[in-house]
Amino acid sequence: MASFNTSNRGTFGSRFGFIAAAAGSAIGLGNIWRFPYVTGENGGGAFLLIYLFFILVIGIPVMLSELVIGRKTLQNPFGAFKTLKPNQPWFLIGVMGILAAFFILAFYGAVGGWTMEYLFQSVQNGFAGKTPEQLGESWDNFQSGTWRPVMWQLIFMIVTMYIVLSGVEKGIEKYARILMPLLLVIIIIISIRSITLPGAGKGLAFLFKPDFSKIFARGETLTVNYKIILEALGQAFFSLSIGMGTLITYGSYMKKSSKLGSSALIVSLTDTFIAILAGVAIFPAVFAFGIAPGEGQDLVFKALPNIFLQMKGGYIFALLFFMLLTVAALTSSISVLEVVVATFIEQFKLSRKKATLIAGSLISVLGVLCVLSWSDYAIKFGEELHFFGLLEIIATKFFLPLGGLAIVAFLGWFHKKNSTLEELSNNGTIRVWFFKIYLFIIRYLAPIAISALFVKIIIDLF
Ligand code: PHE
């Protein structure tokens with residue numbers, strides 16, 4: 001399994017080892033916390049369709065491109081581009097990736113902390129006997145507090161730092177291999193309970209019956225809501241952990257004989273399946289208990305305890321669920337921190353310990369500002385936007401898609417085709433049609449689609 005040691009760079013012991021680590025990175029709060037809430041805010045089914053389109057057509061090729069770059073150079077994102085194009089500014093992709101990692105882990109740590117609080121509440125049977133309104137209120141009280149959410153966020157960050165420090169292979173991955181499949185089973189059981197609640201049909205219709213009027217408005221002319229489309233693109237990137245070099249870093253720990261194509265496919269499809277399943281668990285409950293689907297960042301935390309209260313053995317399920325979600329969040333947060341740490345170690349010749357402590361502490365401070373976004377000490381930008389939201393928007397809607405754009409454009413236009421082919425085929429053969437489609441996407445389709453979206457949004461701003 002991966003051993004993150006610079007002098008003697010480790011490799012994943014097997015393809016399964018890589019898949020477990022990459023899936024661990026992809027599957028996390030992005031699927032279970034973020035996917036339902038952004039889908040809820042953006043109208044449901046139509047958003048889901050656009051999201052799926054982006055996963056398949058842009059996300060998977062971007063993931064593959066990151067793996068190619070990582071395994072070719074055996075370096076962190078910054079070093080990878082320095083090696084490939086020494087005197088050109090491509091290394092800025094690595095710089096933007098580091099910034100993205102800072103922003104993402106800052107707000108991710110806040111949500112990781114919330115998850116730990118709910119694990120703690122499950123242990124104490126804290127949801128018992130509460131009505132949906134009371135559950136909502138007690139959430140609001142917790143979230144808008146100060147020391148308690150901050151304490152949990154710091155604990156989450158300390159655990160993340162501890163795992164990155166001690167090397168991924170010894171700790172969490174061993175457990176993740178068993179616990180992640182278990183998470184899948186638990187979500188399936190929760191989904192079944194959720195879709196059998198009275199009034200659940202509305203939730204399923206919301207998720208699976210696309211209502212395109214949210215995206216296209218037919219007036220005199222047809223207007224398109226590009227913001228929703230960008231939200232779907234950003235969520236696809238966030239959920240797959242692409243656009244900031246996580247998969248360049250993990251790819252650099254991959255064996256030369258591992259197949260990149262099928263690995264990327266397995267990781268992406270599993271990730272997507274779990275996001276949809278989370279939607280199936282949440283939306284029926286949201287409608288059954290009269291919660292607004294566009295509720296925002298707290299949607300999942302308000303909806304789920306209600307389902308547990310309606311389940312036989314709900315105490316155990318709540319406990320298991322929040323425990324597994326905490327583990328899933330940690331296997332993602334370590335992959336974000338690892339990008340920064342690998343870069344600091346290799347570029348600044350820091351020890352793993354120093355690199356982890358410096359990066360982790362700086363991010364924790366940013367994280368505290370995120371957690372406080374609902375408190376009396378919130379930093380606000382206008383009525384609606386707080387610090388948490390700002391970092392979330394900048395990272396998911398701008399840094400990740402722009403990073404992805406730069407990565408595919410680089411591989412498509414500024415890197416020798418044969419070298420990419422070599423890496424993708426492991427110096428062997430590869431289906432010609434597959435390579436042709438891949439090349440078409442990274443040269444034309446993905447760069448044009450992403451740039452067109454940004455151009456349109458910039459024009460709309462003025
Ligand atoms: N994909 C992770 C999740 O869904 C979050 C993440 C984003 C991890 C970017 C690494 C890089 O929870």
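Leu269 is partly exposed, with a relative accessible area of 42%, and in this predicted model the residue is found in helix 12, which spans residues 260-288. The C-alpha atoms of Leu269 and Leu230 lie 21 Å apart in space, for a separation of 39 residues in sequence. Leu230 itself belongs to the contact that helix 10 makes with helix 18, and that pair of helices is taken up next.

Helix 10 and helix 18 pack with their axes 10 Å apart and at an angle of about 140°. The two helices are therefore oblique to each other, since an angle counts as roughly antiparallel when it is over 145 degrees, and their crossing is left-handed. On the side of helix 10 the contact is formed by Tyr226, Ile229, Leu230, Leu233 and Phe237, and on the side of helix 18 by Ile450, Leu453, Phe454, Lys456, Ile457 and Asp460. By residue class, the contact of helix 10 with helix 18 comprises nine nonpolar residues and two charged ones, with no polar residue. Leu453, one of the residues that helix 18 brings to this contact, can also be related to Thr221, from which it is separated by 232 residues in sequence and by 19 Å in space, C-alpha to C-alpha. Thr221 lies in the loop that joins strand 1 (216-218) to strand 2 (222-224), and with a relative accessible area of 55% Thr221 is exposed.

Helix 18 (residues 432-461) also packs against helix 17 (residues 417-424), here at an angle of about 125° and with the axes 12 Å apart. Helix 17 and helix 18 are therefore oblique to each other, and the crossing of this pair is right-handed. The residues that meet are Lys417, Thr420, Leu421 and Leu424 from helix 17 and Phe435, Tyr438 and Leu439 from helix 18. In this contact five residues are nonpolar, one is polar and one is charged.

A further helix pair is formed by helix 2 (residues 29-41) and helix 5 (residues 92-123), whose axes are 12 Å apart and which pack at an angle of about 95°. Helix 2 is therefore roughly perpendicular to helix 5, as the angle falls within the range of 65 to 115 degrees that defines this class. Helix 2 contributes Leu29, Gly30 and Trp33 to the contact, and helix 5 contributes Phe107, Tyr108, Val111, Gly112, Trp114 and Thr115. The contact of helix 2 with helix 5 divides into six nonpolar and three polar residues, with no charged residue.

In soluble globular proteins, nonpolar side chains tend to be buried together. When residues up to four places away in sequence are left aside, Ile104 touches Phe238, Met244, Val336, Ala395 and Leu400.

Gly367, located in helix 15, counts as buried, since its relative accessibility is 0%. With residues up to four places away in sequence again not counted, Gly367 touches Ala106 and Gln153. Between the C-alpha atoms of Gly367 and Phe387, which stand 20 residues apart along the chain, the separation is 9.6 Å.

Most residues other than glycine have a negative phi. Ser241, however, has a phi near 60°, a positive value in a residue other than glycine, and Lys349, likewise not a glycine, has a positive phi of about 55°. Ser241 lies in the loop between helix 10 (226-240) and helix 11 (246-251), whereas Lys349 occupies the loop between helix 14 and helix 15 (352-371). As for accessibility, Ser241 is buried, with a relative accessible area of 12%, while Lys349 is exposed, with a relative accessible area of 68%.

Definitions and conventions:
Residues numbered from 1 in each chain as written. Predicted model: local features only at pLDDT ≥ 70, side-chain atom pairs only at ≥ 80, totals over all residues. Heavy atoms only, no water. Contact = heavy atoms within 4.5 Å. Helix = DSSP H or I, 4+ residues; strand = E, 2+ residues; numbered from the N terminus. Buried < 20%, exposed > 50% of the residue type's maximum accessible area, 1.4 Å probe, protein only. Axes fitted to C-alpha atoms, helices over the stretch in contact; angles between N-to-C directions. Parallel < 35°, antiparallel > 145°, perpendicular 65-115°, else oblique. Left-handed = near helix turned anticlockwise from the far one by under 90°. Nonpolar A, V, L, I, M, F, W, Y, C, P; charged D, E, K, R; others polar.
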